[in-house]
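Hi,

Here is the structure I promised to pass on. Have a look at it first, and then read my notes below.

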Amino acid sequence: MRDIAVFSGTAHPDLAAEICAHLGVPLHPVRVSRFANDCLEVQLQANCRERDVFLIQPLVPPVQENLVELLLMIDAARGASAGRITVVLPHYAYARSDKKDAPRISIGARLVADLLTSAGAQRVLAMTLHSPQVHGFFSVPVDHLHALRELAAHFRGYDLGNTVVVSPDLGNAKEAAAFARMLGTPVAAGAKQRFSDDRVTISTVIGEVADRDVIVLDDEIAKGSTVIELMAHLRERNVRSIRLACTHGLFSSGALARLSATEGVREIVCTNTVPIPQEKRVPELTVLSVAPALAEAMRRIHNGESVSALFG
């Protein structure tokens with residue numbers, strides 16, 4: 001592939017390297033240095049002039065450091081006369097800040113979208129945004145991928161004759177229903193009310209789950225408070241087994257250990273949009289790669305082909 005240049009920040013270089021391996025192009029080096037006053041400086045160490053530049057950087061902890069690093073990468077590419085700058089966001093952490101649900105509260109998803117476009121981003125490639133409206137916060141084209149195909153391919157390896165897909169809340173029910181159609185299973189959902197980042201209440205589970213094998217599907221799992229609350233209700237309904245599935249496995253504050261130790265949990269499945277250190281992993285964890293999907297989307301963007309056809 002000619003006239004393409006791919007760079008990665010420090011957030012997830014392993015994923016970037018895997019994407020480039022699928023594309024058959026080199027991953028160009030980036031020098032990130034820090035001044036004595038703690039400010040960052042970024043240098044893209046390959047020619048960008050009139051090239052199709054892709055900058056890969058999920059917004060993962062430390063989110064603010066990685067965000068500023070990405071903004072500086074975009075600015076460096078613009079200053080180097082890049083032909084087009086596409087930001088590849090495997091995980092957009094600020095997507096959860098997508099509405100004004102309290103007085104005088106910030107809407108980070110929209111603000112960070114404005115920052116990325118102001119820095120010079122001309123296109124965004126994202127994976128499983130927290131809610132559909134986040135797509136509209138960007139004033140540049142957004143190609144929005146999801147990982148349902150990868151997750152479905154994994155679960156098709158099981159006997160799904162007595163399985164139901166469960167969404168933790170009604171907001172994710174549409175995605176859960178699409179996932180259930182891919183697997184040929186029924187769908188159910190929890191009725192959730194959130195009071196704070198780590199305090200949720202699920203009043204009931206809507207749908208038939210008794211004596212069934214359950215796949216709980218969510219877009220991301222951070223502290224795991226929602227799925228732990230949901231699983232308590234599922235056990236009250238006497239489900240046979242529980243498997244957890246998500247795109248973004250953040251697993252903060254010891255969530256993986258807590259989830260794997262929960263009664264009835266047979267497997268925890270996520271993708272590699274977020275790096276998971278080896279020391280945090282548990283035997284129940286399965287990590288699927290989205291590098292082939294991101295690489296194919298990047299190839300299609302570069303060649304001017306349809307990205308939505310990936311989901312046909």
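To start with the open spaces: which residues line the second largest pocket? This is a predicted model, and in it the lining is made up of Ala11, His12, Pro13 and Asp14, then Thr271, Asn272, Val274, Pro275, Ile276, Pro277, Arg281 and Val287. By type, that lining splits into 7 nonpolar, 3 polar and 2 charged residues. The space in this pocket comes to about 160 Å³. And why does the pocket lie between domain 1 (4-145) and domain 2 (148-288)? Because both domains give residues to its lining.

Searching the whole structure turns up 2 cavities of 30 Å³ or more.

- The largest cavity holds about 70 Å³ of space. Thr128, His146, Ala147, Leu148, Asn172, Glu175, Leu217, Asp218, Asp219 and Thr247 line it, and β12 supplies the largest share, 3 residues. The lining has 3 nonpolar, 4 polar and 3 charged residues.
- The second largest cavity has a volume of about 30 Å³. Around it you'll find His91, Tyr92, Ala95, Met127, Thr128, Leu129, His130, Asp219, Glu220 and His248, or 4 nonpolar, 4 polar and 2 charged residues. Domain 1 (4-145) and domain 2 (148-288) each contribute at least three residues to this lining.

Now for the packing. The largest nonpolar core has 36 residues, and the members touching the most others are Ile74, Tyr92, Leu116 and Phe138. At least two residues of this core come from each of β1 (4-8), β4 (40-44), β5 (52-56), α2 (63-79), β6 (84-89), α3 (108-119) and β7 (123-127). Helix α2 gives the most, with 7 residues.

Setting aside neighbours within four places in sequence, Leu116 is in contact with Leu67, Leu70, Leu71, Ile74, Leu89, Ala121 and Phe138. There is also a second, separate core of 27 residues, with Val214, Met231, Leu256 and Val282 among them.

One last stop is helix α4 (residues 148-155). Which of its residues are buried? They are Leu148, Glu150, Leu151, Ala152 and Phe155. Leu148 also turned up above, in the lining of the largest cavity. The cover over the buried residues of α4 includes the helices α5 (173-183) and α8 (291-303), along with the strands β12 (213-221), β13 (241-249), β14 (265-271) and β15 (285-288).

Cheers

Terms used
Residues numbered from 1 in each chain as written. Predicted model: local features only at pLDDT ≥ 70, side-chain atom pairs only at ≥ 80, totals over all residues. Heavy atoms only, no water. 1 Å grid on protein atoms, 1.4 Å probe; cavity = no way out; pocket = protein on both sides within 12 Å on 5 of 7 lines; lining within 4 Å. Points joined across faces, edges and corners; volume = space filled by probe spheres on them. Nonpolar A, V, L, I, M, F, W, Y, C, P; charged D, E, K, R; others polar. Domains from an automatic or database assignment. Core = buried A, V, L, I, M, F, W, Y, C linked by side-chain atoms within 4.5 Å. Buried < 20%, exposed > 50% of the residue type's maximum accessible area, 1.4 Å probe, protein only. Helix = DSSP H or I, 4+ residues; strand = E, 2+ residues; numbered from the N terminus. Contact = heavy atoms within 4.5 Å.
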